[in-house]
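Let's take a walk through a protein together. Have the sequence and the 3D view ready, and try to find each spot as we get to it.

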Amino acid sequence: MSTTTRTKAYSMPQIVLHWAIAILIVANYIVSDGMGHQLDEHLENAGFQTNWVGTFHVYVGLTVIGLVLIRLIVRLVSPVPEVVSAGHPLLDKAQKLAHGLLYPLMLLVPVFGAMAWYLGMEFMGDVHVIAMNTMMIIALLHALAALYHHHVLKDRVLMRMLGRE
């Protein structure tokens with residue numbers, strides 16, 4: 001997905017996009033309780049006014065779509081650091097799989113939600129929830145892997161995404 005050029009650290013746009021998307025996704029996950037009810041009300045009553053949580057959730061989701069598209073473009077045109085081994089071939093395969101799933105999920109989760117909200121495809125709300133929970137599990141494993149690299153392997157993987165490399 002990225003260029004073949006390698007660098008020692010991520011660029012500032014890559015870092016900012018990574019953390020902005022992560023913060024928005026976590027914030028949306030935290031406030032998502034009750035969105036199923038809001039979706040039902042929205043679909044049953046065209047005049048239904050969502051509360052701030054519903055409005056926040058929908059517009060943050062749309063923002064995430066835009067930022068992920070920008071992030072994909074930046075990733076395609078920017079060099080990325082070498083992949084650092086997790087110390088075991090199985091962990092290295094899990095790392096590749098996690099990154100391979102995170103990118104499409106970061107885009108598809110809010111797209112599924114938008115399909116439910118704007119196109120009235122209620123079943124996509126269920127798909128959105130399943131995909132979101134899957135993405136959150138993978139993102140948690142991703143964060144734990146970064147901490148593993150930092151505290152156990154004592155390499156610079158985490159520092160590269162904090163702009164300290």
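What percentage of the 165 residues in the protein is buried? Buried residues make up 35% of them. Keep in mind as you look around that this is a predicted model.

**The overall layout**

Start by zooming out. The protein has 6 helices and 2 strands. If you trace the chain from the N terminus on, the elements come in the order β-α-α-α-β-α-α-α. Along its principal axes, the C-alpha trace spans about 55 × 30 × 25 Å.

Now let's look for empty space. Rolling a probe the size of a water molecule over the atoms shows where empty space is left. The second largest pocket has a volume of about 560 Å³. Which elements give two or more residues to its lining? They are α1 (12–30), α2 (35–44), α3 (52–77), α4 (89–119) and α5 (122–153).

In total, 29 residues line the second largest pocket. If you want to find its centre, look for Met 35, His 57, Gly 113, His 128 and Val 129, which lie nearest to that point. What kinds of residues make up this lining? They divide into 17 nonpolar, 9 polar and 3 charged.

Let's stay with Val 129 for a moment. You'll find Val 129 in helix α5. Is Val 129 buried, partly exposed or exposed? Its relative accessibility is 45%, so Val 129 counts as partly exposed.

**A nonpolar patch on the surface**

Next, turn to the outside. Ile 137, Leu 140, Leu 141, Leu 144 and Leu 147 form a nonpolar patch on the surface. Together, these residues have about 490 Å² of accessible area. One of them, Leu 147, lies in helix α5. Because its relative accessible area is 41%, Leu 147 is partly exposed.

**Some single residues**

How covered up is a residue? Ile 15, in helix α1, has a relative accessibility of 8%, so Ile 15 counts as buried. Gln 95, which is found in helix α4, is partly exposed because its relative accessible area is 22%. The cut-off that matters here is 20%: under that value a residue is called buried. Then there is Glu 44 in helix α2: with a relative accessible area of 66%, Glu 44 is exposed.

Lys 154 has something else to show you. Lys 154 is found in the loop between α5 and α6 (157–161). With 65% relative accessible area, Lys 154 is exposed. What is the phi of Lys 154? It is positive, about 55°, although Lys 154 is not a glycine.

**Along the chain and through space**

| Pair | Apart in sequence | C-alpha to C-alpha distance |
|---|---|---|
| Ile 15 and Leu 76 | 61 residues | 15 Å |
| Gln 95 and Ile 130 | 35 residues | 21 Å |
| Glu 44 and Tyr 103 | 59 residues | 33 Å |

Take the last row as an example. Glu 44 and Tyr 103 are 59 residues apart along the sequence, and 33 Å lie between their C-alpha atoms. For Gln 95 and Ile 130, the figures are 35 residues and 21 Å.

Key: Residues numbered from 1 in each chain as written. Predicted model: local features only at pLDDT ≥ 70, side-chain atom pairs only at ≥ 80, totals over all residues. Heavy atoms only, no water. 1 Å grid on protein atoms, 1.4 Å probe; cavity = no way out; pocket = protein on both sides within 12 Å on 5 of 7 lines; lining within 4 Å. Points joined across faces, edges and corners; volume = space filled by probe spheres on them. Helix = DSSP H or I, 4+ residues; strand = E, 2+ residues; numbered from the N terminus. Nonpolar A, V, L, I, M, F, W, Y, C, P; charged D, E, K, R; others polar. Buried < 20%, exposed > 50% of the residue type's maximum accessible area, 1.4 Å probe, protein only. Patch = residues over 30% accessible without salt bridge, like charges linked within 9 Å, V, L, I, M, F, W, Y side chains within 5 Å. Areas by Shrake-Rupley, 256 points an atom, 1.4 Å probe, with all protein chains shown as cover. Salt bridge = Lys/Arg side-chain N within 4 Å of Asp/Glu carboxyl O.
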